Amino acid sequence: MNNARLVILLLLIAYIFSPTLLSWILDPEGAWYRPFIAWILVILLAFVMQIKRKNYHEFD
Amino acid sequence: MNFDLSQVALIGLGYLLLLFGIAYITERGWIPDSITSHPITYILSLGIFASAWAFYGVVDLAFQYGYGALAYYLGTGALFLFAPVALAPLAELARRHQVHSLADLLVFRYHSHAVGALTTLCMLCGILPLMALQIQAIADTMHILTVSANPTLPNDESGITFKAMMALSYCVILALFTISFGANREQHKGLITAMAFESLLKVCALLAIGLLSVFGVFGGLDGLDQWLMDHPENLALLHQPIHTDSAHTLLLVFVATAVTMPHIFHLGLAENPLMRNSHTVTWAFPLFLLLMAIPIFPILWAGADLSVNLPPQYYTLGVPILYSSPGLTLLAFVGGLSAATGAMVVISLALSTMVMNHLLLPSLKLRTKDDLYSQLLWIRRILIAAIFLGGYLFYWILNNQYSLTNLAMTAFIETLQFLPGTFAIVFWSQGSRRGMIIGLSVGTFIWALGLLLPMLTGINSISLGLIDAVIPVGPNYWSEVTLISVGLNTLCFLAFSLLSKKTSDEEYSADLCAADELSHPVRQALDVHSAADFKTRLAKPLGKVTASREVDNALRELKFSINERRPYALRRLRDQIEGNLSSLMGIHLASEIMDKSIPFHTAESRNTVDINLIENRLTQYRDHLTGMAAELNNLRLYHRKTLEELPMAVCSLGRDMEVLMWNRAMANLTRTPSEVVTGSYLEDIPEPWCSLLIDFSRSRETHFYRREIELEGRPHWISLHKAAIEGPIAEGVFDQVMLLEDVTETELLEQELAHSERLASVGRLAAGVAHEIGNPITGIACLAQNLRYESESPEVLDTANQILSQTDRVGRIVQSLVSFSHAGHASKSEFAPVSLRDCASEAIQLLSLQKDKRQVLFANDIPANAIIAGDYQRIIQIFINLLSNARDASPDQGRVMLESNEDENSVTVTVTDEGTGIPPGINR
């Protein structure tokens, strides 16, 4: 509940950048492993969120 | 390159032995807990998701659909990425209600046995192609390694071929291993560790082949780029198929796998503590999938570059063979074997549980006289063997006609049919059993018609007699079959759920499962009164031995004793036994047995909230609460602490006289700790509190003043006050809160005060009497003096002197009494020099008047020069107190000695007697 603003912001960013991101990922001229780069970024994001969550709970 | 059959068989057998050895030594505790309980182990164990199809078949999928193949990973990856939202509620339900399969969960949610049976049946049909896929992959790869020197697949043969024999022996060995190891429900830790090892091996093998493809075949990433530039059709192949409809359907097909595939449910949701406790899975499992996915395209291209003479689905094996690397070839083979084995073992375990719980046990009558466990174990063993046999038969009937992709799609599309019903478990409480059954039946019927039947019989079109139309069916039309079956399934589910009326039981279960659960755990009453009663009750359905063992197990898990009588504890015991039984024989049978043997009284069931259970749950979930809920919980804790630390004894009672709260002061007062009392009925708490509290709670009065009770042989006085609390659910239902006040000290002080008041009035009376006596005595003294002057007779004079001395004595005594009774009125201004010796003598004089008391000898050794400033009468009072105490403590004719020491500023007087001293018991 307290991070609802963050979620909305993320959705907004995702909405604005998704066409660019998708066309970048699927660009036939680009490297074949581009989807995997996006994938790694998502994993990193999830990882960072988990670390943050852990810290938050340590101060609880 | 060609391997000897015995070599390959030996390697395969050795690997299987290693895998089951790991499970075995884990169970033995030879592998440290830090490894077996590590999150990485759990994450890796989830890797059974990637079966032989992910090892071999996905390359074919990539060949057909380019980037669309990644849907296989993305669907599941996304589900795990959002695990706290998407999977955690299911995992929580599974844990709370001891659910071990999707069928159990659906039965629990829809409160219907038919749902369980139908789910199991559909799951069985849907999973057989997946098992056939694993068998086919193993048989094919063994054939490639051993028979064909130039790696090719054999031409279609029929009957019992060499491959069929290898497939059969693989199935038999695996079935034997699974039966000997996995049939026992206790050994899940070993299974998880073994599966983690299996996943680790296959991801390493796949990565190794990927690295071989990039660096061995293409000479590095630059070489690969150059090759792609030279062969642009490969890059086009990557992008082209995404824009077709089927690629989108792929994502749909794979999205549900994590929840609906029985083996993934078994390991991921039912057995895995990770899903509930940690967010590690949100990134670690997608990472695992990424590692599995990255090598796919390089392997595909390496296979194309080397012109492997195999269908793309076996490029993973073909690339190292053509690269002439026996080590990597064997690694690839073992990786594939590993992937297939992991999936097969867990699928057979999960399916055997489902079939046993939902198809066999409800219709089978177990002989309760015999050992129930061994009966169940044997049923499970037979079922595991039957499932392996079923998988093999399916493989044999299909006779290698279909690619791994076809088989996988068939299986995945059927499991997709469970998605609407599963989604509604947590997120849509309107979903009804009728909707679920009809939706699933329709979806499965279309799937069977469109994919399963054509696969088994070879037909490729169905003609509709009436309108003379021919509908093409078969694996090539998987996309259409998916959309139509899932679409109609969802539609039927929605329509029939909204139209049908749900029973109250069903509604209750739906509410229990809902994600925004605001469930009021209702406190239900049991008609059993001790844990031992459970054994007697359960002996009938389960048999004496099993019942006793199950009750003991549950008691041990809850850390309760067999003498437990608290209703709260008995309710928890009932839940625990039901959970344990449901893991033994399925949720439906377990709840049936419990409802029949140890039913809840429903009469007052929905009226009282189980406060203890709510508190218990809140304590468990404390770390999971966020935002407003966490704030509220903190507030609750604060209030609870306030009550707990309140320096007055407080307890609260439910309407049925169950103790709900018992604070620390109450525990101190009653010398009964809260843990022992909370949750018990009032009549079970120790006397004298039991009768006192029962009287008070039944009384119409809201206060009891100074009730006398006996505690540890001494009287105590307790004041009680109470108030009614309106229950949280139903209006007009009142709990009670009671406040107890220990007024023993006040009572004793008051008694003492009354006593001294009585003494004081006696003193005043004595003073009056003394005054009255003084007048006649003075008269007598005057007359005696006159007598001295009126007579010369020595006898008369002597008598007069005697009379005078006696009256003098009487006068002194009277004077002492009068002045003693006036003591207490003196103020500080009347301080005067006082001789302590004289004071002591006066006190001794007064004390010697009490003839009824024990006679002692007072020795006044205080020197005459011990003089202080003080109030004469009060100092006498001090001496009287000291000396009378000393006299009381002394034996008859004992000596009491008075001495004094003085320094510059003070005089210290000591009183020494020959008594025994104060006994240690009173010395408090």
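**Ground rules.** I count residues from 1 along each chain as its sequence is written, with chains lettered from A and ligands numbered from 1 in the order in which they are written. Since I'm reading a predicted model, local features need pLDDT of at least 70 and side-chain atom pairs count only at pLDDT 80 or more, while totals for chains, interfaces and linings use all residues.

**Confidence.** I looked up the scores, and the model has ipTM 0.81 and pTM 0.71.

**Chain A.** I found two helices and zero strands here; helices (H or I, at least four residues) and strands (E, at least two) are DSSP runs, numbered from the N terminus. Of the 60 residues in chain A, 5% are buried, where buried takes 20 or more other C-beta atoms within 10 Å of the residue's own, with C-beta atoms placed from the backbone.

**Where A meets B.** I got 16 residues from chain A and 21 residues from chain B in the contact (two residues touch if their C-beta atoms, placed from the backbone, lie within 7 Å). Chain A's side has 12 nonpolar, three polar and one charged residues. Nonpolar covers Ala, Val, Leu, Ile, Met, Phe, Trp, Tyr, Cys and Pro; charged covers Asp, Glu, Lys and Arg; the others, Gly among them, are polar.

**A helix pair in chain B.** How far apart are the axes of α29(B) and α30(B)? I noted 9 Å, at an angle of about 115 degrees, for helix α29 (residues 544-558) and helix α30 (residues 567-585). Axes are lines fitted to C-alpha atoms, for helices over the stretch in contact, and angles run from 0 to 180 degrees between N-to-C directions. Residues in this contact include B:V551 and B:L555 of α29(B), and B:L573 and B:I577 of α30(B). By class, I have seven nonpolar, three polar and three charged.

**A sheet in chain B.** I traced an open sheet of three strands in the order β11-β13-β14, with mixed pairing; strands pair if DSSP finds at least two bridges between them. β11 (857-860) and β14 (907-912) each have a single partner strand, so one side of each is left without a neighbour in the sheet. On average, neighbouring strands are turned by 15 degrees against each other, direction ignored. Strand β13 (residues 895-902) runs antiparallel to β14(B), joined by six bridges. One bridge I checked pairs B:E899 with B:T910. Finally, helix α39 (residues 836-847) lies across β11, β13 and β14, at about 170 degrees to β11(B).

Technical notes
A residue is buried if 20 or more other C-beta atoms lie within 10 Å of its own, exposed if 12 or fewer, and partly exposed in between; C-beta atoms are placed from the backbone.
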